[in-house]
Amino acid sequence: MCRHLGWLGQPRSVAELMLEPPYGLLVQSYAPRRQKHGLLNADGWGVGFFDDAGVARRWRSATPLWGDASFASVAPVLRSGCVVAAVRSATIGMPIEPSASAPFSDDRWLLSHNGRVDRAALPASDRPAESTVDSAVLAALIFDRGLDRLGDTIGEVGAADPEARLNILAGNGSRLLATTWGDTLSVLSADDGVVLASEPYDDDPRWRDVPDRHLVEVSATGVDMVALEGTA
């Protein structure tokens, strides 16, 4: 399992989103509060953001977030209006390598998968995966199908693998898309933007939990949620 976070709004520093909150991804890497599967997220981390020219940039690692002093020194000056970040707890049997850490990218979107899926249950995709891990193969399928079909793709994969956990979080600079399918997600509408996160990074009373099996879209017009196919 993993923990992830997305931001869309006025530019914020990566440190402000990942490292500085009292229960942010840094703390979630060793002491998550709501994680249902696994105790630690020490098998890597990653952050992606869009620069002023709209180009997707990424920094990924196979080491624990708490041990990366170089990132901690640079994170305060990395600023963006759209950020996708994650800390990783590797599925048993999956490799631990930088390319296995989210976010994955097709150069237009940054995407994180919080969960697990049987790779044998995934339909074939023409897009090569960045790694052999289940999350990377799923990301390649989603990119191949297109993010506008995210809900349909997750419903199809969930039907093929009833044990799958399919929380997806993706951003393209102007939108965030997310699904809940087997794990937690919360949303915070702040004065300067919106945060989507596996769990709240502080105790702000404005956090709201997203129901399971829902699709969330964040854009300039606000936050929209719809139930996914297969909701009980």
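Contact here means heavy atoms within 4.5 Å. The views below come from a predicted model.

**View 1. Contacts of Leu 111 in the largest nonpolar core.** Leaving aside residues up to four places away in sequence, Leu 111 touches Ala 102, Pro 103, Phe 104, Ala 139, Ile 142, Phe 143, Leu 147, Ile 168, Leu 169 and Ala 170. The core has 27 residues, and those touching the most other members are Leu 111, Leu 138, Ile 142, Leu 147, Ile 154 and Leu 166. At least two residues of this core come from each of helix H4 (134-145), helix H5 (150-160) and strand E7 (165-171). H4 contributes the most, with six residues. Another core, of 23 residues, lies apart from this one and includes Leu 5, Leu 25, Val 47 and Trp 207.

**View 2. The ring pair of Trp 45 and Trp 59.** Five aromatic pairs are found in the whole structure. The ring centres of Trp 45 and Trp 59 are 6.1 Å apart with planes at 45°, so this pair is tilted. Trp 45 belongs to strand E2 (residues 45-50) and Trp 59 to strand E3 (residues 56-61), 14 residues apart. Trp 45 is buried, at 1% relative accessibility, while Trp 59 is partly exposed, at 28%. Ring pairs join Trp 45, Trp 59 and Phe 71 into a cluster.

**View 3. The ring pair of Tyr 201 and Trp 207.** With centres 5.3 Å apart and planes at 85°, these rings of Tyr 201 and Trp 207 are edge-to-face. Both Tyr 201 and Trp 207 are buried.

**View 4. Arginines over aromatic rings.** The charged end of Arg 12 sits over the ring of Trp 7, 4.1 Å from the ring centre. Arg 33 lies over the face of Tyr 23, 3.6 Å from the ring centre.

Key: Residues numbered from 1 in each chain as written. Predicted model: local features only at pLDDT ≥ 70, side-chain atom pairs only at ≥ 80, totals over all residues. Heavy atoms only, no water. Core = buried A, V, L, I, M, F, W, Y, C linked by side-chain atoms within 4.5 Å. Buried < 20%, exposed > 50% of the residue type's maximum accessible area, 1.4 Å probe, protein only. Helix = DSSP H or I, 4+ residues; strand = E, 2+ residues; numbered from the N terminus. Phe/Tyr/Trp six-rings, centres within 6.5 Å; stacked < 30°, edge-to-face > 60°. Lys NZ or Arg CZ within 6 Å of the ring centre and 35° of its normal.
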